[in-house]
Number of protein chains: 2
Amino acid sequence: MPSPLGDKIRALRKNKRMSLDQLADLTDSSKSYIWELENKDDPKPSADKIGKIAVALEVTTEFLLTESSVTPDEAVLDEAFFRKFKAMSEPDKKKIRRIIDAWEDE
Amino acid sequence: MPSPLGDKIRALRKNKRMSLDQLADLTDSSKSYIWELENKDDPKPSADKIGKIAVALEVTTEFLLTESSVTPDEAVLDEAFFRKFKAMSEPDKKKIRRIIDAWEDE
DNA sequence: CGACATCGTTCGGCGTACCGAACAATTCGG
DNA sequence: CCGAATTGTTCGGTACGCCGAACGATGTCG
């Protein structure tokens, strides 16, 4: 019944040995709501709350929200690719972006 | 009366020559709601909506929520591109990597 | 064991995020 | 210029994010 988001919040919170109350205080929330985020079926918090929770738990909002279903090996390759890409000139990057966009119409 | 978030969404949307309807479709929203985000006083969208809007407009959620300029800088575009790349299938990624590698022998 | 503190859980209700459908404005081919 | 798309705006209603306060569990110290 809990969601991936809920699992991450609970894991990070317990890892920091925080109570629901403490995390609630840090995030301008109620502890009942933090509990809901951790245990309810498919929580859809506001961007505002997620931002504050990410700060309190010292992670990025991306990490909290994305499924992270990529295998580690693949993630390493992705990072390597990203480094190369960032090193390119802006006009070249623009061309690459166009290629990727065209890709999506199989 | 509009908010910084609203200004960014409108600027990015028009830059891509999208209508409210088109952006709404891409983000599982209604056009009336997109209009509210762009024009209302202090919109507080869900993390879900902001995430989808960021993908559709090819920027990061960080940029939408925190940054002050309405035009994303190169780093933001890079991150958005990287997110798209990561979502692709591994065979497709392999092809893209080849393209990038070939690029480097000007 | 009992009393007190601290943590987690439940629940009723208020406010608002978000919607659909109708209306107003703008664009554009004939 | 006229209609018909296409875009943007307004508005009433509904679902649910988020809350406070009460309740149950668990632990700790005498």
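Modeller: A cavity is a set of grid points where a 1.4 Å probe fits but cannot get out, and a lining residue has an atom within 4 Å of such a point. This model is predicted.

Colleague: Which elements each supply at least two residues of the lining of the largest cavity?

Modeller: The lining draws on both chains. From chain A come A:Ala47, A:Ile50, A:Gly51, A:Thr61 and A:Leu65. From chain B come B:Ala47, B:Ile50, B:Gly51, B:Thr61 and B:Leu65. The elements supplying at least two each are α4 and α5 (61-65) of chain A, with α4 (47-57) and α5 of chain B.

Colleague: How many charged residues are in the lining of the largest cavity?

Modeller: Asp, Glu, Lys and Arg count as charged. The lining of the largest cavity has 6 nonpolar and 4 polar residues. Its number of charged residues is none.

Colleague: Now the open space. Which residues lie nearest the centre of the second largest pocket?

Modeller: The second largest pocket has a volume of about 380 Å³. Its lining holds 20 residues. Nearest the centre lie A:Ala47, A:Asp48, B:Leu64, B:Leu65 and B:Thr66.

Colleague: Which element gives the largest share of the lining of the second largest pocket?

Modeller: Elements giving two or more residues are α4 (47-57) of chain A, plus α1 (4-15) and α5 (61-65) of chain B. By class, this pocket's lining has 10 nonpolar, 4 polar and 6 charged residues. The largest share is 5 residues, and it comes from α4(A).

Colleague: On to helix packing. Are α7(A) and α6(B) roughly parallel or roughly antiparallel to each other?

Modeller: Two packed helices are described by the angle between their axes and the distance between the axes. The axes of α7 (residues 90-103) of chain A and α6 (residues 74-86) of chain B come within 12 Å and cross at roughly 30 degrees. Angles under 35 degrees count as roughly parallel. α7(A) and α6(B) are therefore roughly parallel.

Colleague: How many charged residues are in the contact of α7(A) with α6(B)?

Modeller: α7(A) passes α6(B) in a left-handed crossing. Among the residues making the contact are A:Glu90, A:Lys93, A:Arg97 and A:Asp101 of α7(A), with B:Glu74, B:Asp78 and B:Lys84 of α6(B). The contact has 4 nonpolar and no polar residues, and its charged residues number 7.

Colleague: Within chain A, is α1(A) oblique or parallel to α3(A)?

Modeller: α1 (residues 4-15) and α3 (residues 31-39) of chain A pack at about 120 degrees, with axes 6 Å apart. Roughly perpendicular covers 65 to 115 degrees, and roughly antiparallel needs over 145. α1(A) and α3(A) are therefore oblique.

Colleague: Which residues of α3(A) does α1(A) meet?

Modeller: By class, this contact has 2 nonpolar, 2 polar and 3 charged residues. From α1(A) come A:Gly6, A:Ile9, A:Arg10 and A:Arg13. They meet A:Leu37, A:Glu38 and A:Asn39.

Colleague: And in chain B, at what angle do α1(B) and α3(B) pack?

Modeller: B:Gly6, B:Ile9, B:Arg10 and B:Arg13 in α1(B) meet B:Leu37, B:Glu38 and B:Asn39 in α3(B). The axes of these two helices are 6 Å apart. The packing angle is about 120 degrees.

Note on methods:
Residues are numbered from 1 along each chain as its sequence is written. Chains are lettered from A and ligands numbered from 1 in the order in which they are written. This is a predicted model: local features need pLDDT of at least 70, side-chain atom pairs count only at pLDDT 80 or more; totals for chains, interfaces and linings use all residues. Side-chain values use heavy atoms; hydrogens and water are left out. On a 1 Å grid over the protein atoms alone, a cavity is a set of points where a 1.4 Å probe fits but cannot get out, and a pocket is an open set with protein on both sides within 12 Å along at least five of seven lines; lining residues have an atom within 4 Å of a point. Grid points are joined across faces, edges and corners, and a volume is the space filled by probe spheres set on the points. Helices (H or I, at least four residues) and strands (E, at least two) are DSSP runs, numbered from the N terminus. Axes are lines fitted to C-alpha atoms, for helices over the stretch in contact, and angles run from 0 to 180 degrees between N-to-C directions. A crossing is left-handed if the near helix is turned anticlockwise from the far one by less than a right angle, and right-handed if clockwise. Contact means heavy atoms within 4.5 Å.
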